[in-house]
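Dear colleague,

Please read them with the structure open beside you.

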Amino acid sequence: MKKMVGAAALLLAALGASAQNWPEKPVTLVVPFPPGGSTDQVARAVGPRLTEKFKQSFLVDNKPGATGTIGATFVQRAPADGYTFLVTSLGPLVIVPHLLKSLPYDPTKDFDFITVAVQSPNVLVVPAASPHKSVADVVAHLKANPNKMSFASAGNGSSDHLTAELFWQQTGTQGVHIPYKGGAPAHTDLIGNQVDASFQNVNSVIQYIKAGKMRPLAITSPKRSAVLPDVPTLAEAGVKNVEVASWQAIVAPKGLPPAVRQKAHAAFVEALNDPKVKDQFVSIGFEMVTNTPEEFAAFQRKEYDRWKTVIQNGKITID
(Lines give C-alpha, C1' and ligand atoms only; values in the text may rest on other atoms or scores of the structure.)
Protein backbone atom coordinates (compact mmCIF):
# COMPACT_ATOMS: atom_id res chain seq x y z
CA MET A 1 0.00 0.00 0.00
CA LYS A 2 2.81 2.40 0.92
CA LYS A 3 4.50 1.66 -2.41
CA MET A 4 1.24 2.41 -4.27
CA VAL A 5 0.75 5.70 -2.43
CA GLY A 6 4.37 6.60 -3.08
CA ALA A 7 4.06 5.82 -6.78
CA ALA A 8 0.87 7.91 -7.01
CA ALA A 9 2.60 10.82 -5.30
CA LEU A 10 5.51 10.60 -7.71
CA LEU A 11 3.14 10.52 -10.67
CA LEU A 12 1.27 13.60 -9.43
CA ALA A 13 4.53 15.41 -8.87
CA ALA A 14 5.69 14.54 -12.38
CA LEU A 15 2.40 15.75 -13.87
CA GLY A 16 2.65 18.96 -11.89
CA ALA A 17 6.17 19.60 -13.08
CA SER A 18 5.14 18.82 -16.66
CA ALA A 19 2.26 21.29 -16.42
CA GLN A 20 4.55 23.99 -15.08
CA ASN A 21 6.94 23.47 -17.99
CA TRP A 22 4.21 23.29 -20.65
CA PRO A 23 4.78 23.64 -23.54
CA GLU A 24 8.07 21.77 -23.93
CA LYS A 25 7.59 20.99 -27.64
CA PRO A 26 5.56 22.30 -30.61
CA VAL A 27 1.80 22.58 -30.17
CA THR A 28 -0.65 21.84 -33.00
CA LEU A 29 -3.76 23.95 -33.56
CA VAL A 30 -6.07 21.83 -35.71
CA VAL A 31 -8.56 23.75 -37.86
CA PRO A 32 -11.26 21.44 -39.31
CA PHE A 33 -11.81 23.68 -42.35
CA PRO A 34 -9.77 24.92 -45.32
CA PRO A 35 -7.44 27.92 -44.93
CA GLY A 36 -8.87 31.41 -45.23
CA GLY A 37 -12.13 31.18 -43.30
CA SER A 38 -13.04 32.78 -39.97
CA THR A 39 -11.92 29.78 -37.92
CA ASP A 40 -8.59 29.63 -39.71
CA GLN A 41 -8.14 33.37 -39.10
CA VAL A 42 -8.53 32.87 -35.35
CA ALA A 43 -5.92 30.10 -35.25
CA ARG A 44 -3.44 32.06 -37.36
CA ALA A 45 -3.93 35.20 -35.27
CA VAL A 46 -3.20 33.56 -31.91
CA GLY A 47 -0.51 31.14 -33.09
CA PRO A 48 2.29 33.70 -33.53
CA ARG A 49 1.50 35.35 -30.17
CA LEU A 50 1.70 32.02 -28.36
CA THR A 51 4.89 31.11 -30.21
CA GLU A 52 6.43 34.39 -29.11
CA LYS A 53 5.26 33.97 -25.53
CA PHE A 54 6.45 30.40 -24.97
CA LYS A 55 9.33 30.16 -27.46
CA GLN A 56 7.70 27.02 -28.83
CA SER A 57 5.97 26.69 -32.18
CA PHE A 58 2.17 26.78 -32.30
CA LEU A 59 1.46 25.33 -35.73
CA VAL A 60 -1.84 25.53 -37.60
CA ASP A 61 -2.87 22.24 -39.23
CA ASN A 62 -5.92 22.42 -41.53
CA LYS A 63 -7.82 19.12 -41.62
CA PRO A 64 -10.99 19.90 -43.60
CA GLY A 65 -13.75 17.53 -44.60
CA ALA A 66 -17.06 16.00 -43.53
CA THR A 67 -18.46 19.31 -42.25
CA GLY A 68 -15.61 19.69 -39.79
CA THR A 69 -15.84 16.26 -38.22
CA ILE A 70 -12.56 14.92 -39.66
CA GLY A 71 -10.52 17.50 -37.78
CA ALA A 72 -12.66 17.21 -34.66
CA THR A 73 -12.26 13.43 -34.63
CA PHE A 74 -8.49 13.75 -35.03
CA VAL A 75 -8.29 15.97 -31.95
CA GLN A 76 -10.69 13.82 -29.93
CA ARG A 77 -8.35 10.85 -30.52
CA ALA A 78 -5.14 12.77 -29.78
CA PRO A 79 -3.35 12.45 -26.42
CA ALA A 80 -4.77 14.76 -23.76
CA ASP A 81 -1.38 16.27 -23.02
CA GLY A 82 -1.75 19.90 -24.09
CA TYR A 83 -0.04 19.54 -27.46
CA THR A 84 -3.12 19.29 -29.66
CA PHE A 85 -6.03 21.74 -29.67
CA LEU A 86 -9.04 22.15 -31.94
CA VAL A 87 -9.83 25.67 -33.13
CA THR A 88 -13.34 25.27 -34.50
CA SER A 89 -16.61 26.94 -35.39
CA LEU A 90 -19.86 26.01 -33.69
CA GLY A 91 -20.68 23.44 -36.40
CA PRO A 92 -18.80 20.34 -35.19
CA LEU A 93 -19.78 21.03 -31.57
CA VAL A 94 -23.49 21.93 -31.66
CA ILE A 95 -24.94 21.57 -35.19
CA VAL A 96 -23.44 18.61 -37.07
CA PRO A 97 -24.11 16.14 -34.21
CA HIS A 98 -27.84 16.55 -34.91
CA LEU A 99 -27.47 16.20 -38.68
CA LEU A 100 -25.37 13.04 -38.97
CA LYS A 101 -26.75 9.64 -38.05
CA SER A 102 -23.40 8.54 -36.68
CA LEU A 103 -20.53 10.61 -35.33
CA PRO A 104 -17.10 9.35 -34.19
CA TYR A 105 -17.17 11.60 -31.12
CA ASP A 106 -19.59 12.97 -28.53
CA PRO A 107 -19.21 16.77 -28.44
CA THR A 108 -20.69 16.96 -24.95
CA LYS A 109 -18.29 14.43 -23.39
CA ASP A 110 -15.14 14.01 -25.50
CA PHE A 111 -13.55 17.46 -25.21
CA ASP A 112 -12.23 19.80 -22.57
CA PHE A 113 -13.64 23.25 -23.27
CA ILE A 114 -11.02 26.00 -23.19
CA THR A 115 -12.72 29.21 -24.37
CA VAL A 116 -15.06 30.71 -26.93
CA ALA A 117 -12.75 33.09 -28.75
CA VAL A 118 -15.00 35.33 -30.83
CA GLN A 119 -18.53 35.53 -32.13
CA SER A 120 -20.16 37.36 -35.02
CA PRO A 121 -23.83 37.88 -35.78
CA ASN A 122 -25.22 37.00 -39.16
CA VAL A 123 -26.69 39.60 -41.48
CA LEU A 124 -29.53 39.08 -43.94
CA VAL A 125 -28.21 40.31 -47.28
CA VAL A 126 -29.65 40.49 -50.78
CA PRO A 127 -27.98 41.46 -54.08
CA ALA A 128 -27.63 45.19 -54.69
CA ALA A 129 -30.06 44.83 -57.60
CA SER A 130 -32.70 43.06 -55.49
CA PRO A 131 -36.20 44.61 -55.33
CA HIS A 132 -36.32 43.77 -51.61
CA LYS A 133 -35.49 46.80 -49.47
CA SER A 134 -36.55 45.49 -46.05
CA VAL A 135 -37.25 42.37 -44.00
CA ALA A 136 -40.96 43.05 -44.48
CA ASP A 137 -40.44 42.86 -48.24
CA VAL A 138 -38.70 39.48 -47.90
CA VAL A 139 -41.38 38.02 -45.62
CA ALA A 140 -44.16 39.25 -47.89
CA HIS A 141 -42.47 37.74 -50.92
CA LEU A 142 -41.92 34.42 -49.15
CA LYS A 143 -45.56 34.24 -48.11
CA ALA A 144 -46.77 35.09 -51.59
CA ASN A 145 -44.28 32.73 -53.26
CA PRO A 146 -43.60 29.75 -50.98
CA ASN A 147 -40.61 27.58 -51.91
CA LYS A 148 -39.52 30.04 -54.60
CA MET A 149 -37.04 32.47 -52.97
CA SER A 150 -33.50 31.08 -52.84
CA PHE A 151 -31.18 31.42 -49.83
CA ALA A 152 -27.49 30.68 -50.32
CA SER A 153 -25.28 29.17 -47.63
CA ALA A 154 -21.69 28.06 -47.20
CA GLY A 155 -22.92 24.47 -46.98
CA ASN A 156 -25.37 22.08 -45.37
CA GLY A 157 -25.37 22.47 -41.61
CA SER A 158 -23.55 25.81 -41.66
CA SER A 159 -24.57 28.71 -39.44
CA ASP A 160 -26.03 30.58 -42.42
CA HIS A 161 -28.06 27.53 -43.45
CA LEU A 162 -29.51 27.02 -39.98
CA THR A 163 -30.22 30.74 -39.55
CA ALA A 164 -32.33 30.70 -42.71
CA GLU A 165 -34.20 27.64 -41.41
CA LEU A 166 -34.84 29.39 -38.09
CA PHE A 167 -35.99 32.53 -39.93
CA TRP A 168 -38.48 30.50 -41.96
CA GLN A 169 -39.76 28.75 -38.85
CA GLN A 170 -40.29 32.02 -36.97
CA THR A 171 -42.04 33.73 -39.89
CA GLY A 172 -44.12 30.76 -40.99
CA THR A 173 -42.54 30.79 -44.43
CA GLN A 174 -40.37 28.51 -46.55
CA GLY A 175 -37.61 29.35 -49.00
CA VAL A 176 -35.21 27.21 -51.03
CA HIS A 177 -31.83 26.39 -49.51
CA ILE A 178 -28.91 26.52 -51.97
CA PRO A 179 -25.78 25.06 -50.33
CA TYR A 180 -22.35 25.96 -51.69
CA LYS A 181 -18.93 24.51 -50.94
CA GLY A 182 -17.82 27.42 -48.80
CA GLY A 183 -18.71 31.07 -48.38
CA ALA A 184 -16.74 32.48 -51.33
CA PRO A 185 -18.81 30.87 -54.14
CA ALA A 186 -22.01 31.78 -52.29
CA HIS A 187 -20.85 35.41 -52.15
CA THR A 188 -20.03 35.38 -55.88
CA ASP A 189 -23.49 34.17 -56.88
CA LEU A 190 -25.19 36.54 -54.46
CA ILE A 191 -23.32 39.51 -55.90
CA GLY A 192 -24.13 38.22 -59.39
CA ASN A 193 -27.86 38.06 -58.55
CA GLN A 194 -27.92 34.28 -59.11
CA VAL A 195 -29.50 33.71 -55.69
CA ASP A 196 -32.01 35.88 -53.86
CA ALA A 197 -30.72 36.19 -50.30
CA SER A 198 -28.45 34.80 -47.61
CA PHE A 199 -27.70 35.01 -43.91
CA GLN A 200 -23.94 35.58 -43.86
CA ASN A 201 -21.46 36.23 -41.05
CA VAL A 202 -21.02 39.99 -40.83
CA ASN A 203 -17.24 39.71 -40.97
CA SER A 204 -17.34 37.69 -44.21
CA VAL A 205 -19.45 40.17 -46.21
CA ILE A 206 -18.75 43.56 -44.65
CA GLN A 207 -16.45 44.48 -47.54
CA TYR A 208 -19.17 43.73 -50.10
CA ILE A 209 -21.73 45.72 -48.14
CA LYS A 210 -19.42 48.72 -47.89
CA ALA A 211 -18.66 48.44 -51.62
CA GLY A 212 -22.38 48.50 -52.44
CA LYS A 213 -22.40 44.98 -53.88
CA MET A 214 -24.80 43.57 -51.27
CA ARG A 215 -27.70 45.22 -49.45
CA PRO A 216 -27.98 44.46 -45.71
CA LEU A 217 -31.53 44.20 -44.39
CA ALA A 218 -31.16 43.08 -40.77
CA ILE A 219 -28.70 41.75 -38.23
CA THR A 220 -29.25 38.63 -36.07
CA SER A 221 -27.83 40.07 -32.84
CA PRO A 222 -29.79 41.47 -29.86
CA LYS A 223 -28.38 44.92 -30.59
CA ARG A 224 -27.08 46.64 -33.70
CA SER A 225 -23.58 45.95 -34.93
CA ALA A 226 -20.92 48.62 -34.47
CA VAL A 227 -19.79 48.07 -38.07
CA LEU A 228 -23.36 48.35 -39.43
CA PRO A 229 -25.03 50.87 -37.10
CA ASP A 230 -27.76 51.79 -39.59
CA VAL A 231 -28.91 48.19 -40.10
CA PRO A 232 -31.78 47.15 -37.79
CA THR A 233 -31.86 43.95 -35.79
CA LEU A 234 -34.34 41.30 -36.91
CA ALA A 235 -36.33 41.99 -33.74
CA GLU A 236 -36.53 45.67 -34.67
CA ALA A 237 -37.66 44.58 -38.13
CA GLY A 238 -40.49 42.55 -36.61
CA VAL A 239 -39.04 39.02 -36.50
CA LYS A 240 -38.49 37.77 -32.96
CA ASN A 241 -36.36 34.90 -31.62
CA VAL A 242 -33.84 34.77 -34.46
CA GLU A 243 -30.86 35.94 -32.46
CA VAL A 244 -27.92 33.98 -33.86
CA ALA A 245 -24.16 34.34 -33.57
CA SER A 246 -21.59 32.28 -35.39
CA TRP A 247 -18.71 31.57 -33.04
CA GLN A 248 -15.20 30.20 -32.99
CA ALA A 249 -13.81 28.34 -30.00
CA ILE A 250 -10.90 26.29 -28.69
CA VAL A 251 -11.19 22.80 -27.21
CA ALA A 252 -8.78 19.99 -26.29
CA PRO A 253 -9.03 16.20 -26.01
CA LYS A 254 -10.87 15.18 -22.85
CA GLY A 255 -8.62 14.62 -19.83
CA LEU A 256 -6.25 17.56 -20.12
CA PRO A 257 -4.30 17.93 -16.82
CA PRO A 258 -6.04 20.73 -14.86
CA ALA A 259 -2.85 22.77 -14.53
CA VAL A 260 -2.24 22.57 -18.29
CA ARG A 261 -5.85 23.50 -19.01
CA GLN A 262 -5.59 26.51 -16.72
CA LYS A 263 -2.29 27.65 -18.22
CA ALA A 264 -3.52 27.11 -21.79
CA HIS A 265 -6.73 29.00 -21.13
CA ALA A 266 -4.84 31.98 -19.74
CA ALA A 267 -2.46 31.95 -22.70
CA PHE A 268 -5.20 31.78 -25.35
CA VAL A 269 -7.17 34.57 -23.67
CA GLU A 270 -4.06 36.73 -23.45
CA ALA A 271 -3.31 36.18 -27.14
CA LEU A 272 -6.89 36.96 -28.17
CA ASN A 273 -6.86 40.15 -26.12
CA ASP A 274 -3.60 41.34 -27.66
CA PRO A 275 -4.51 44.83 -28.99
CA LYS A 276 -3.49 43.98 -32.56
CA VAL A 277 -5.49 40.73 -32.57
CA LYS A 278 -8.49 42.35 -30.92
CA ASP A 279 -8.50 45.30 -33.33
CA GLN A 280 -8.16 42.94 -36.29
CA PHE A 281 -11.35 41.10 -35.39
CA VAL A 282 -13.46 43.93 -33.96
CA SER A 283 -12.87 46.07 -37.05
CA ILE A 284 -14.65 43.52 -39.26
CA GLY A 285 -17.61 42.86 -36.98
CA PHE A 286 -16.45 40.20 -34.51
CA GLU A 287 -17.13 40.45 -30.80
CA MET A 288 -14.46 39.16 -28.41
CA VAL A 289 -15.76 36.55 -25.94
CA THR A 290 -12.80 34.84 -24.16
CA ASN A 291 -14.97 33.20 -21.50
CA THR A 292 -13.95 30.64 -18.88
CA PRO A 293 -14.04 26.86 -19.47
CA GLU A 294 -17.06 26.63 -17.15
CA GLU A 295 -18.91 29.39 -19.01
CA PHE A 296 -18.03 27.76 -22.33
CA ALA A 297 -19.36 24.37 -21.17
CA ALA A 298 -22.68 25.91 -20.09
CA PHE A 299 -22.91 27.87 -23.35
CA GLN A 300 -22.18 24.75 -25.41
CA ARG A 301 -25.01 22.83 -23.71
CA LYS A 302 -27.45 25.68 -24.38
CA GLU A 303 -26.43 25.99 -28.04
CA TYR A 304 -26.48 22.20 -28.48
CA ASP A 305 -30.10 21.99 -27.30
CA ARG A 306 -31.17 25.05 -29.27
CA TRP A 307 -29.92 23.82 -32.64
CA LYS A 308 -31.25 20.35 -31.95
CA THR A 309 -34.74 21.86 -31.73
CA VAL A 310 -34.30 23.89 -34.92
CA ILE A 311 -33.01 20.88 -36.85
CA GLN A 312 -35.73 18.56 -35.58
CA ASN A 313 -38.51 21.07 -36.29
CA GLY A 314 -37.16 21.65 -39.79
CA LYS A 315 -36.61 17.92 -40.41
CA ILE A 316 -33.14 18.79 -41.70
CA THR A 317 -30.63 16.10 -42.69
CA ILE A 318 -27.37 16.09 -44.64
CA ASP A 319 -26.65 12.39 -45.09
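**Helix contacts**

Helix H5 (residues 135-144) and helix H6 (residues 159-171) have axes that come within 11 Å and cross at roughly 75°. Because angles of 65 to 115 degrees count as roughly perpendicular, H5 is roughly perpendicular to H6. On the H5 side the residues involved are Val135, Val138, Val139, Leu142 and Lys143, and they meet Phe167, Trp168 and Thr171 in H6. Sorted by class, this contact of H5 with H6 has 6 nonpolar, 1 polar and 1 charged residues. Please keep in mind here and below that this is a predicted model.

The other pair consists of helix H2 (residues 38-54) and helix H9 (residues 258-272), whose axes come within 9 Å and cross at roughly 115°. H2 and H9 are therefore roughly perpendicular to each other, and their crossing is right-handed. H2 contributes Val42, Val46, Arg49, Leu50, Lys53 and Phe54 to the contact, while H9 contributes Lys263, Ala267, Phe268, Glu270, Ala271 and Leu272. By class, the contact of H2 with H9 has 8 nonpolar and 4 charged residues, with no polar ones.

**Pockets and cavity**

The largest pocket has a volume of about 1000 Å³ and is lined by 42 residues, of which Phe33, Gly37, Ala154, Gly182 and Gly183 lie nearest its centre. The lining of the largest pocket has 15 nonpolar, 24 polar and 3 charged residues.

The second largest pocket has a volume of about 280 Å³, and of the 14 residues that line this pocket, Gln119, Glu243, Val244, Ala245 and Arg306 are the closest to its centre. Strand E4 (111-127) and helix H11 (293-314) each supply at least two residues of the lining, and the largest share, 4 residues, comes from H11. Here the lining divides into 5 nonpolar, 4 polar and 5 charged residues.

Finally, the structure holds 1 cavity of 30 Å³ or more, and the largest cavity has a volume of about 40 Å³. The residues lining the largest cavity include Ile219, Thr220, Ser221, Thr233, Leu234, Lys240 and Glu243, and by class the lining has 5 nonpolar, 4 polar and 2 charged residues.

With best regards

How values were computed
Residues are numbered from 1 along each chain as its sequence is written. This is a predicted model: local features need pLDDT of at least 70, side-chain atom pairs count only at pLDDT 80 or more; totals for chains, interfaces and linings use all residues. Side-chain values use heavy atoms; hydrogens and water are left out. Axes are lines fitted to C-alpha atoms, for helices over the stretch in contact, and angles run from 0 to 180 degrees between N-to-C directions. Angles under 35 degrees count as roughly parallel, over 145 as roughly antiparallel, 65 to 115 as roughly perpendicular and the rest as oblique. A crossing is left-handed if the near helix is turned anticlockwise from the far one by less than a right angle, and right-handed if clockwise. Contact means heavy atoms within 4.5 Å. Ala, Val, Leu, Ile, Met, Phe, Trp, Tyr, Cys and Pro count as nonpolar, Asp, Glu, Lys and Arg as charged, and the others, Gly among them, as polar. On a 1 Å grid over the protein atoms alone, a cavity is a set of points where a 1.4 Å probe fits but cannot get out, and a pocket is an open set with protein on both sides within 12 Å along at least five of seven lines; lining residues have an atom within 4 Å of a point. Grid points are joined across faces, edges and corners, and a volume is the space filled by probe spheres set on the points.
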